[in-house]
Amino acid sequence: MQELYKQIHMVYIDMEPSPGKPKVPDFLSNLGKPTLRGVRKCPHCGTYNGTRGLSCKNKSCGTVFRCRNNKPPPRDAVKLLTGSDMQIFSVRQRDRGPDHRCLVVLGISETTIQTAEGTIITQISSGRCFAPSCLKAAVRGVVENQCQHIKQAVTCHTEAEPLPLKSSVLNAMQMPTEIKQDIWVLASECMGPLVQRVNKSVLVVRCKPSPQNSLGYIHVYFTQKTGTQKGANHLFHCSCETQKTAKATSSKGENEEKCVHFYTCLGAFASDDTLTEEFTEYFYIMSEAT
């Protein structure tokens, strides 16, 4: 028995590090004390989980830390506020990219069906898409109700955000007098909001109906790109100028003329403090243009 105690004692001595031998390798000696960076404690059961974890790894706990998808759903179709019974939608044109949209009008027409029991009057949903490709297809005799943009408008449950336009703010802005007069004429004639926001970079503005735009609505695009030069990476494009993108500042330093819809949107931005801060670079563009 004494011999067994001696053997156990010798094992303990061998396990103890010698005074001259470091406990960790030299290349790890400056790491400092261990921390809990990258992990967090579950508030419910106390289990340690990674900071990127969606839920507790303890199956008996199951606490959810955050949802897998926090992004808002895409707004492919948005219903405009018209102030009337007319249903107009702004619909994304997927085949042309994320920032190209078209207008779709939905309506209800009545038709009669003759049966053995008599005449039945029924209502049929009809629509018209103003995308250039869909208009060409309609001219060729293709059934317009098969258009994907109309189908998206039928299932739409999202409305555009109306933006206020304060008269005091518009009068104080530095813009041509004739532009201000045109804006006030549009504001007095339209029943719905003059400016509506469809998504982060696309707005819809009321305009004068024309053969090219019978609905009286037009898309306005504000694209902000990453850059360091002030105003040079902020682009503006209005559908009133076909196939033309107006840059913020030209390389030659020449002032580019902006349309009335550009100034209308800036008036709406200036009427709201949050929008003023978000689109502040475009006010710099306006000062360059005037």
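Why is α6 largely enclosed by the rest of the structure? In this predicted model, the answer comes from a residue count: 10 of the 11 residues of α6 are buried, so the helix is largely enclosed. The buried ones are V260, H261, F262, Y263, T264, C265, L266, G267, A268 and F269.

Stepping back for a moment, the chain has 290 residues, and 32% of them count as buried. Its secondary structure comes to 8 helices and 11 strands. Among contacts with a separation of 6 or more, 41% are between residues 24 or more positions apart. The accessible surface is about 19,600 Å², with 52% of that belonging to carbon and sulfur atoms.

Back inside, the largest nonpolar core has 33 residues, and F222, F262 and F269 have the most contacts within it. At least two residues of this core come from each of α4 (167-172), α5 (177-189), β9 (202-206), β10 (217-224), β11 (234-238), α6 (260-270) and α8 (280-289). The largest share belongs to α6, with 7 residues. Leaving aside residues up to four places away in sequence, F262 touches F222, F236, Y282, I285 and M286. Another core, of 13 residues, lies apart from this one and includes V91, L106, C147 and C156.

Now for the charged side chains. Side chains of opposite charge can pair when their charged atoms come close. The structure holds 3 salt bridges. One of them joins R92 and D76 at 3.6 Å, N to O. This pair links distant parts of the chain, 16 residues apart: R92 sits in strand β4 (residues 87-92), and D76 in the loop between β2 (48-50) and β3 (77-79). D76 is buried, at 13% relative accessible area.

R101 is buried yet has no salt bridge, and its nearest side chain of opposite charge, that of D76, is 5.7 Å away. What the R101 side chain does make is a polar contact with the side chain of S90, at 2.8 Å.

Elsewhere, R197, K200 and E278 are linked in a network of salt bridges. R197 meets E278 at 2.7 Å, N to O, which ties strand β8 (residues 195-197) to helix α7 (residues 273-278) across 81 residues. K200 also bridges to E278, with the closest N and O atoms 3.6 Å apart; K200 belongs to the loop between β8 and β9, 78 residues from E278.

Terms used: Residues are numbered from 1 along each chain as its sequence is written. This is a predicted model: local features need pLDDT of at least 70, side-chain atom pairs count only at pLDDT 80 or more; totals for chains, interfaces and linings use all residues. Side-chain values use heavy atoms; hydrogens and water are left out. A nonpolar core is a set of buried Ala, Val, Leu, Ile, Met, Phe, Trp, Tyr and Cys residues joined through side-chain atoms within 4.5 Å. Buried means under 20% relative accessible area, exposed over 50%, partly exposed in between (1.4 Å probe, protein chains only). Helices (H or I, at least four residues) and strands (E, at least two) are DSSP runs, numbered from the N terminus. Contact means heavy atoms within 4.5 Å. Lys and Arg count as positive and Asp and Glu as negative; His and the chain ends are not counted. A salt bridge is a side-chain nitrogen of Lys or Arg within 4 Å of a carboxyl oxygen of Asp or Glu. A polar contact is a pair of N or O atoms within 3.5 Å; within protein, one must be able to donate a hydrogen and the other to accept it, and residues adjacent in sequence count only if both atoms are side-chain atoms. Accessible areas come from the Shrake-Rupley method with a 1.4 Å probe; for residues, only the protein chains shown count as cover.
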